[in-house]
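Please take a moment with the sequence and the structure shown here before reading on.

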Amino acid sequence: MEDGSGAKAHASHSSVLVVGGGVSGTACAGTLASRGLDVRLLSGALDSLGVAEYSPCFLPAGAGEERLLLGSKEPAGLGRAWFENMWALPGASWGVVDRRRVSIRLKEWVEEIGVELRQGLATTIARVPQGWLVGTAFGESFTAEVAVLSVGLSLGGHHLIGEREFPGARIGEVPSEGLLQALKAHGAVFDTGEERVGPRLWRLPDSIPPFLRRVQLRPAGTLRGGAKPGTSRLAFGRGPRTAGDQYGAEYLEAWLAPTPPLAGADVAVGQTSECPVGLFPDGAATGEWYVSPGLEQQVVGAPLSRRGYVVRGLVFGGEQAQDTQERCATREVMEGLWATGWLAGAGHTSASLLSGIACADAVERVIRQRDGRRAPR
Amino acid sequence: MKKASKEGLQYEVVVAGGGHAGVEAALASSRMGRRTALVTLSVDKIALMPCNPAIGGVGKGQLTREIDALGGEQGRNIDKAYIQIKMLNTSKGPAVRALRAQADKRLYEDSMKAVLSATANLEIIEGEVARVDVSRETLRGLWLHDGRYLATRTFVLASGTFLRGKVIVGNCSYPAGRVGELPANHLSRSLEEAGIALGRFQSATPPRVDGRTIDPSKMIVQPGEELRGGFSHWETPAPRTQVPCYLTYTSANTHQTVSEHLHLSPLKSGTVSGKGPRYCPSIDRKIINFPEKDRHPVFVEPEGATTHEVYLQGLTTSLPVHVQELIISATPGLERARLIRPGYAVEYDYLIPEQLTLWLESKTVSGLFSAGQVNGTSGYEEAAAQGLIAGINAALSARGVEPFILGRDQAYIGVLIDDLVTKGVDEPYRMFTSRAEYRLLLRHDNADERLAEFGQRLGLLEEAQLQAVENRRHQVGELQAFLDSTTLRDDGQLNAELESMGTSPISEPQTAGQLLRRPQVALLDLMRMLEASGHSPGRYDEKVLEQVEIRARYDGYIQRQLAEIRRHRATEHRAIPPGFAFDSIEGITVEARDKLTRLRPATLGQASRIAGVSPADISVLLLHLHRAGSEGAGTSAAISQP
């Protein structure tokens with residue numbers, strides 16, 4: 001085993017280690033890999049890579065950041081994974097994603113683009129001379145120059161159903177206690193983050209509340225053209241369906257609560273930058289429906305597949321925020337340790353996605369600067 | 001929701017667990033018209049394949065065929081999701097032929113979930129069953145972890161590896177039913193309080209590596225086959241491009257690496273308190289138990305069409321991860337393989353199966369059924385078979401109908417359940433053809449003939465489906481009758497043909513049926529010869545031809561087995577009345593009396609298979625049954641001619 005063990009001793013090191021394979025983690029890891037960097041993605045749930053945990057609604061992140069979604073900075077594969085599995089209301093600026101399909105496409109893309117995937121539950125983190133070291137529940141160690149934490153709300157995460165509290169950021173998830181303790185030991189300061197998640201119905205109720213209006217969501221496809229500067233609406237265009245698409249559906253139905261019409265808008269439903277309220281299909285292949293938190297009381301009597309809950313976890317807070325890139329919720333928490341996604345304060349799926357991309361931008365700069373400073377090999 | 005109240009939701013059947021057993025149970029019960037709820041810890045993880053990305057194989061393939069023949073879902077589902085399929089043992093007799101298919105795991109899950117979504121009478125509830133509400137040995141309902149109460153009289157436990165589950169690698173472990181997933185830690189205690197005994201088992205899974213980093217040039221390619229049918233009897237699978245598997249073998253290097261690190265294995269170091277399966281044993285166990293073998297096969301199996309992950313069948317292990325990496329790189333073809341998921345072991349509570357009846361209901365708590373890995377089995381097929389039977393019987397029980405039981409002479413499913421509840425398990429049970437004494441009758445090719453009628457009677461198959469089976473049976477009979485009544489004489493040509501087939505010429509006229517008994521004479525050739533001599537055998541579908549050929553070829557053996565079954569039938573299915581006082585029987589050994597009293601077998605056949613009960617004890621028991629005046633002809637509505 002002469003060369004073997006020597007090579008293996010270095011095999012657990014990478015330039016970048018992304019911990020957490022959710023929306024922001026996959027975006028960050030994949031974007032870095034697409035630019036030629038050596039990046040490992042450690043996820044406790046490789047089969048749920050990139051799954052938008054809470055609501056299937058996909059909202060624009062505001063006026064300026066939209067450019068990031070329009071083919072300028074994000075890798076094509078990332079954009080396609082999201083937008084080819086999105087259904088949107090023409091004229092409105094939000095969409096609904098098929099979370100399962102997005103997850104499958106993202107994993108495919110992340111493998112293709114050269115990210116080193118690894119299944120593992122991060123249970124500890126420590127600063128070391130090479131950068132950072134992350135340990136797993138099975139006793140593995142990974143080191144990296146730069147570590148990115150994208151673990152969502154699972155630090156100290158628990159969820160509340162009714163009045164009862166349960167461990168984990170959602171039902172069934174193993175909480176990461178050790179990671180939290182290790183971060184605190186390094187001086188990290190936290191705020192509480194919270195998200196309210198609506199329930200899901202196993203199928204549509206026999207009678208839908210009469211004040212909800214039925215609308216048709218069309219496949220969003222890849223974006224064409226781009227939004228006009230200064231507008232707050234994403235321009236969804238029709239794009240190619242993903243290969244192996246089994247839906248055959250021209251549109252998906254949704255039911256929306258009415259909102260006051262916006263000045264100049266010709267569609268009276270939906271809002272531009274706030275969460276739409278209604279019943280949304282939770283994917284095209286499953287019969288489940290997502291119910292906005294505000295509507296829970298109105299859909300009584302229908303079979304609930306998942307109860308609504310409130311998830312609370314810790315997010316980085318306090319004076320330690322050194323660098324928030326634009327408004328894309330990514331920050332360098334300590335030297336060489338970045339946070340992205342929910343953990344960094346992103347409020348919803350598209351913000352998490354943008355955060356992951358912005359984090360990749362920032363981390364790339366850091367790595368290239370260091371490479372530039374290093375003596376040529 | 002304020003205080004948890006007893007006025008919960010009303011369901012006729014509740015199934016806990018969304019794995020292979022749970023989904024079959026839930027589908028069967030819903031399709032039989034019962035209002036059914038499937039409770040699962042995660043609605044996103046239904047019908048997962050957490051271990052081998054495959055369905056079928058020797059023994060297991062027969063189970064899946066039978067599940068399909070009864071109207072269960074596994075056969076159809078794998079047909080939608082396979083990326084490779086082949087028939088095993090084609091060169092051997094039909095008794096050991098079985099289909100095996102590699103699955104695209106994600107597609108398998110999605111297909112099954114879509115079926116669940118489209119099934120009437122079925123609801124899925126995300127939650128954890130925490131307590132059973134039992135009074136006077138009868139189930140009244142279930143408490144969920146979040147305080148909800150489900151009022152039901154029938155419950156199917158299909159919790160797999162989740163009861164007090166713990167995942168282990170080396171000396172690291174944490175509570176989980178699978179990696180990253182919280183276990184179900186409440187129900188076990190409630191079950192024990194209700195009088196149900198639990199044991200502890202352990203199962204393990206191998207590592208996954210990046211398929212782009214293996215070296216296929218050092219391996220033997222294992223392609224799929226173009227077959228006309230798949231597992232399902234009712235639908236033809238869509239054509240698709242198949243992907244190959246690869247075969248390599250461990251080397252002396254691999255074995256040395258394992259040996260050097262054995263002290264770190266949870267098995268040796270004593271961490272693992274359960275027993276592991278002997279039949280898909282870890283590589284550490286294989287090396288300990290078979291030191292004389294200088295190599296073990298490792299099959300590299302793809303996990304899906306959208307991923308590069310491959311599964312290393314044969315390298316199951318829970319050794320520390322760095323050791324796993326050494327073992328992998330010491331195996332030819334895997335020198336540069338990059339690890340994506342480490343192998344690991346999972347330890348969990350299982351329900352000791354001798355506490356169940358032949359229809360999988362608890363003998364202690366009426367209305368509580370149990371199916372799958374929680375009964376001490378391993379394998380998706382074994383789980384699904386039990387799930388189907390438990391679901392059927394839960395549905396029957398919910399309306400006070402007599403249970404449905406399959407005998408050992410009717411199906412591998414019968415063998416499986418009888419083995420479990422009569423003999424018990426020392427380690428996770430896996431099906432083999434050698435477990436079935438009537439395997440010549442329980443074949444891949446005749447599952448529908450044996451079982452479709454039951455499926456239709458239960459409401460799981462359409463009349464048209466049964467009709468198709470009946471038509472084929474009729475055609476088989478028709479062709480057989482034709483062959484048996486048509487005589488062939490030598491006209492110079494016939495004998496020449498026979499000799500060219502490698503078989504001896506005939507000296508006197510023989511029926512076509514007699515000629516078909518010869519292994520060298522294929523039915524298609526025989527049909528041609530008949531036509532050439534001016535007869536009109538007619539046109540028949542290849543399934544019919546296959547049946548006729550098999551029957552002719554193995555007629556002698558088949559008849560012997562049928563005779564044996566008939567001889568045993570009287571004793572096998574002789575019912576023992578419930579409440580029969582075993583402890584008052586004299587003239588049997590203490591051990592036998594003890595076992596009989598404890599296990600309360602429902603039939604004489606079941607009694608005869610209990611360890612410690614001898615044929616002499618059975619004779620005495622039979623005498624007592626006569627005296628007691630019982631005249632049982634069978635406990636189940638399902639006993640019929642094979």
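A contact means that heavy atoms lie within 4.5 Å of each other. In this predicted model, residues 24 or more positions apart account for 73% of the contacts in chain B with a separation of 6 or more.

**Chain B as a whole**
- Chain B has 642 residues, and buried residues make up 61% of them.
- The chain contains 21 helices and 24 strands.
- Its accessible surface comes to about 24,600 Å², and carbon and sulfur atoms account for 50% of that area.

**Nonpolar cores**
- The largest nonpolar core has 137 residues, and within this core B:Phe155 and B:Ile413 have the most contacts.
- Helix 10 of chain B, which covers residues 380–398, gives the most to this core, with 11 residues.
- Apart from this core lies another one, of 41 residues, including A:Ala27, A:Ala52, A:Phe83 and A:Val146.
- Leaving out residues up to four places away in sequence, B:Phe155 touches several residues, among them B:Val14, B:Leu139, B:Leu187 and B:Phe369.

**A buried glutamate in a loop**
- B:Glu303 sits in the loop of chain B that runs between strand 18 (297–302) and strand 19 (309–313).
- Because buried means under 20% relative accessible area, B:Glu303 counts as buried at 5% relative accessibility.
- The side chains of B:Glu303 and B:Lys105 are joined by a polar contact of 2.8 Å.
- When residues up to four places away in sequence are not counted, B:Glu303 touches residues including B:Cys51, B:Pro53, B:Arg208 and B:Tyr311.

Methods:
Residues numbered from 1 in each chain as written. Chains lettered and ligands numbered in written order. Predicted model: local features only at pLDDT ≥ 70, side-chain atom pairs only at ≥ 80, totals over all residues. Heavy atoms only, no water. Core = buried A, V, L, I, M, F, W, Y, C linked by side-chain atoms within 4.5 Å. Buried < 20%, exposed > 50% of the residue type's maximum accessible area, 1.4 Å probe, protein only. Helix = DSSP H or I, 4+ residues; strand = E, 2+ residues; numbered from the N terminus. Areas by Shrake-Rupley, 256 points an atom, 1.4 Å probe, with all protein chains shown as cover. Polar contact = N/O pair within 3.5 Å; in protein donor to acceptor, adjacent residues only side chain to side chain.
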